[in-house]
Amino acid sequence: MTVESARPQSPATPGTSVLREPPLAQGAWPVLGHGPRLVRDPLAFMSALRDHGDVVRLRLGPKTVYAVTTPELTGALALDPGFTIAGPLWESLEGLLGKEGVATANGPRHRRQRRTIQPAFRLDAIPGYGPVMEEEAHALTERWRPGETIDCTSESFRVAVRIAARCLLRGDFMDERAERLSTDLATVFRGMYRRMVIPLGPLYRLPFPANREFNRALADLHLLVDEIVAERRASGQRPDDLLTALLEAKDDNGDPIGEQEIHDQVVAILTPGSETVASTVMWLLQVLAEHPEHAEKVRTEVESVTGGRPVGFEHVRSLRHTNNVVVEAMRLRPAVWILTRRAVTDTALGGYRIPAGADIVYSPYAIQRDPRSYDRHLDFDPDRWLPERSGTVPKYAMSPFSVGNRKCPSDHFSMTQLSLITAAVSAKYRFEPADGSDDTTRVGITLRPHNLLLRARPW
Ligand code: HEM
């Protein structure tokens with residue numbers, strides 16, 4: 001793809017220096033613009049944009065969208081509160097998951113909600129989750145039988161949902177409920193992505209089997225959340241957890257927050273928390289199968305740190321190579337591969353004019369695979385994160401949890417469980433692909449393998 005135009009424009013915003021209009025990416029179709037290319041191969045499309053400008057214009061049907069392609073400018077975008085969470089991605093999420101949760105709120109409501117949830121994710125809260133994370137990581141390996149085919153999609157969802165739900169909502173989370181939640185979320189995310197990229201509106205209301213399955217899963221997800229909230233209330237208990245914080249939260253007037261907000265908040269925490277971690281666990285299993293030399297190195301490291309005992313929360317900090325394997329897997333296969341913002345007012349980014357109301361997109365996938373930021377950018381090389389080498393990585397070239405006021409609250413929580421899971425499974429098993437496995441990338445709301453099937457072999 002090349003750039004069609006880079007016409008400099010006169011200043012659009014009083015008081016700013018001369019701002020240019022971003023170049024239009026070439027290859028737009030009549031009427032549909034860049035939409036077909038974006039739909040056909042979104043990862044290649046987003047990655048190619050870097051060759052044509054730091055900020056480029058895209059046409060999606062009648063709409064102009066701005067894409068940001070450098071680490072520096074994605075950092076500037078994420079850190080500037082003048083860009084808010086809005087746009088088609090968020091609107092479709094709100095319609096399905098609720099309007100009052102932290103992931104879609106802006107302004108004072110968002111700040112208040114972050115204050116409510118933040119303590120549950122603080123660094124000093126994480127050791128409290130250690131026992132549950134350990135139990136779930138080891139339970140995973142105990143369920144697997146040597147030589148048996150593992151369906152990595154359902155197993156990864158299972159461990160992610162169980163850890164999020166048991167740690168943050170302290171529910172009794174019987175298997176049945178965790179399974180329901182994982183199945184519902186997998187169906188809901190698949191359907192949401194389809195509705196976003198192919199917005200056929202009323203057609204999704206017709207009683208086709210796929211629509212019925214989607215509606216059933218969505219209704220069950222909301223029902224489950226109602227059950228969780230009702231059960232906690234009926235128990236009269238107030239454990240020190242996120243659910244208690246949500247149930248006791250006050251609005252800006254000091255009044256209790258409404259039922260809808262409590263419900264939407266639980267949904268807004270469980271949904272991103274499950275899909276992202278599950279996708280990353282799938283990639284970690286795929287990496288261990290594809291790179292036996294790193295699987296072996298992780299196993300040796302775990303053994304030397306634990307002295308042969310079951311790996312626990314207290315070991316995570318010492319597992320340097322294991323942590324680097326997790327980071328490198330997240331670099332090449334970031335669960336969150338696209339992010340969007342909307343400009344509140346006429347503004348500027350990197351010397352380019354961005355009009356009020358404009359939607360801006362960027363891709364952590366493209367940023368984290370940029371050859372300008374990484375030597376041998378497509379190689380899986382966990383050692384690039386060793387202190388003596390990681391200093392050359394440009395700022396914001398590796399921000400899988402984003403930065404700024406929308407930064408994922410769960411970075412420590414997620415990294416701890418991902419390292420612990422990787423260590424626990426590698427200590428016991430090596431992995432090889434099973435018949436029918438398809439580890440090609442499936443692009444949805446997150447990135448994950450299409451259908452990863454592995455055999456676990458004891459060392
Ligand atoms: C937001 C990534 C796990 C809860 C985000 C954002 C990213 C992200 C990039 C920022 C979105 C934006 O800038 O627009 C990830 C990754 C994860 C992960 C890569 C794991 C591998 C989790 C978990 C939870 C969680 C486990 C909760 C249990 C949230 C919430 C937000 C968020 C509530 C919205 C924050 C806000 O808008 O203020 N996540 N996340 N995430 N994440 Fe995560």
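H11 gives the most to the shell around the ligand, contributing seven residues. The structure is a predicted model, in which local features need pLDDT of at least 70 and side-chain atom pairs count only at pLDDT 80 or more, while totals for chains, interfaces and linings use all residues. Residues are numbered from 1 along each chain as its sequence is written, and side-chain values use heavy atoms, with hydrogens and water left out.

**Around the ligand**

At least two residues of the shell are supplied by each of helix H5 (107-117), helix H11 (259-290) and strand S7 (339-343); helices (H or I, at least four residues) and strands (E, at least two) are DSSP runs, numbered from the N terminus. Of the 27 residues around the ligand, His110, Arg114, Arg341, Arg406 and Cys408 come nearest, where a residue is near a molecule if one of its heavy atoms lies within 4 Å of it. Sorted by class, the shell holds 16 nonpolar, eight polar and three charged residues; Ala, Val, Leu, Ile, Met, Phe, Trp, Tyr, Cys and Pro count as nonpolar, Asp, Glu, Lys and Arg as charged, and the others, Gly among them, as polar. Domain 1 (1-99 + 337-399) and domain 2 (102-323 + 405-459) each give at least three residues to this shell, with domain bounds that come from an automatic or database domain assignment.

| Side chain | Distance to a ligand oxygen atom |
|---|---|
| Arg114 | 2.7 Å |
| Arg341 | 2.8 Å |
| Ser402 | 3.3 Å |

Cys408 is found in the loop between helix H15 (387-390) and helix H16 (411-428).

A disulfide is counted when two cysteine sulfur atoms lie within 2.5 Å, and by this rule the count comes to zero. The sulfur of Cys167 has its closest cysteine sulfur in Cys408, and because the two are 14 Å apart, they are too far for a bond. Cys167 is buried, at 1% relative accessible area, and Cys152 also counts as buried, at 1%; buried means under 20% relative accessible area, exposed over 50%, and partly exposed in between (1.4 Å probe, protein chains only).

**Other loop residues**

Ser410 sits in the loop between H15 and H16 and is buried, with a relative accessible area of 11%. Tyr396 has its place in the loop between H15 and H16, where it counts as partly exposed at 23% relative accessibility, and its phi is near 70°, a positive value in a residue other than glycine. Arg376, in the loop between helix H14 (364-368) and H15, has a phi near 40°, again positive in a residue other than glycine, and counts as exposed at 52%.

Methods. A polar contact is a pair of N or O atoms within 3.5 Å; within protein, one must be able to donate a hydrogen and the other to accept it, and residues adjacent in sequence count only if both atoms are side-chain atoms.
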